[in-house]
Amino acid sequence: MVRAWYMDDSDEDQRLEHHTNPPRFLELDTLNQDTGVEYFKIGDESGLDGTLLNQIKKERNYAFEDEITCSRECLADYDNKLKIFYKEHLHTDEEIRLVVEGSGYFDVRDQEDRWIRIEVVPGDLLIIPAGIYHRFTLDAKNYIRAKRFFVGEPVWTPYNRPADDMDCRKEYQQWIKSKKSQQSTHMPQVSS
């Protein structure tokens, strides 16, 4: 099962877990409510559930996929690529990743602009919404193989922060605002 937690502000190795003290974990429902990040368990180290994966691909119109392997041996210009992946950015489309082997971390910003670290392992499918600031890093094992899914032609253009004037960012912020509004209207009333 995927784990998510608030990160500390340490400048130590990005591949460490970076828990706050004490650690503050998030439930998946809270992660989805606060950020729009969606999570599906599609399998594990022994294999993927093709039926569930095909159902998700069909429902969400994922028409193209490819695969990326991140390791010192497989990725040209490895150190610079990791720096690029870890630079805070957003995309104009969803970012969809399914971990096949290995592990790593996706970090996303919450409504208060705090970092949340999401650990991904084999069988984890993560959908990061368009317009959310995020980044990726390997963990200390330095290896991940993941499938990438796209609605149309594959586009993976990062727009580094600040990119607040982009339409996808404005739409994402409007979505967050509507979520906050919904949450406040559903809060239980306290009587005195």
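Predicted model: local features only at pLDDT ≥ 70, side-chain atom pairs only at ≥ 80, totals over all residues.

User: Nice. And where is K57 found?

Analyst: K57 belongs to helix α2, which covers residues 50-59. K57 is buried there, along with L53 and I56.

User: Why do L53, I56 and K57 count as being on the same side of α2?

Analyst: L53, I56 and K57 are the buried ones, and they share a side of α2 because their arc around the axis is only 100°. On the other side of the helix, T51, K58 and E59 are exposed.

User: What do the buried residues of α2 pack against?

Analyst: Strands: β3 (38-41), β6, β8, β11 (124-128) and β13.

User: And what happens at the start of α2, and just after it?

Analyst: At the start, a side-chain oxygen of D49 comes to within 3.1 Å of the backbone nitrogen of T51. Just after the helix, N61 has a positive phi of about 60°.

User: Let's move to α3. Which of its residues are buried?

Analyst: Y78, L82, F85 and Y86 are buried in α3. Their arc around the axis is only 95°, so they lie on the same side of the helix. The buried residues of α3 pack against β6, β7 (89-90), β9, β10 and β12.

User: On to pockets, then. How do you find the empty space in the first place?

Analyst: A probe the size of a water molecule is rolled over the atoms, and that shows where empty space is left.

User: Good. What volume does the largest pocket have?

Analyst: The largest pocket comes to about 250 Å³. It has 18 lining residues, and I68, F85, E95, R97 and F136 are the closest to its centre. By class, the lining holds eleven nonpolar, two polar and five charged residues.

User: Which elements each supply at least two residues of that lining?

Analyst: These do: β6 (64-70), α3 (78-86), β8 (95-102), β12 (134-138) and β13 (144-150). F85, one of the residues closest to the centre of the largest pocket, is also one of the buried residues of α3.

User: And how much space lies in the second largest pocket?

Analyst: About 150 Å³. Its lining is made of M7, D8, D9, S10, D11, E12, Q14, H18, Y86, W115 and R135. Those divide into three nonpolar, three polar and five charged residues.

User: One last stop: R114. Where does it lie?

Analyst: R114 sits in the loop between β9 (104-109) and β10 (115-120).

User: Is R114 buried, exposed or partly exposed, and why?

Analyst: R114 is partly exposed, because its relative accessibility is 32% and that class runs between 20% and 50%.

User: Which polar contacts does the R114 side chain make?

Analyst: There is one with the side chain of Y6 at 3.2 Å, and another with the side chain of D110 at 2.6 Å. Not counting residues up to four places away in sequence, R114 touches Y6, R24, V108 and R109.

User: And how far is the C-alpha atom of R114 from that of D9?

Analyst: The two C-alpha atoms are 9.6 Å apart, although R114 and D9 are separated by 105 residues along the chain. D9 is also among the residues lining the second largest pocket.

Conventions: Residues numbered from 1 in each chain as written. Heavy atoms only, no water. 1 Å grid on protein atoms, 1.4 Å probe; cavity = no way out; pocket = protein on both sides within 12 Å on 5 of 7 lines; lining within 4 Å. Points joined across faces, edges and corners; volume = space filled by probe spheres on them. Helix = DSSP H or I, 4+ residues; strand = E, 2+ residues; numbered from the N terminus. Nonpolar A, V, L, I, M, F, W, Y, C, P; charged D, E, K, R; others polar. Buried < 20%, exposed > 50% of the residue type's maximum accessible area, 1.4 Å probe, protein only. Contact = heavy atoms within 4.5 Å. Polar contact = N/O pair within 3.5 Å; in protein donor to acceptor, adjacent residues only side chain to side chain. Arc of directions from axis to C-beta.
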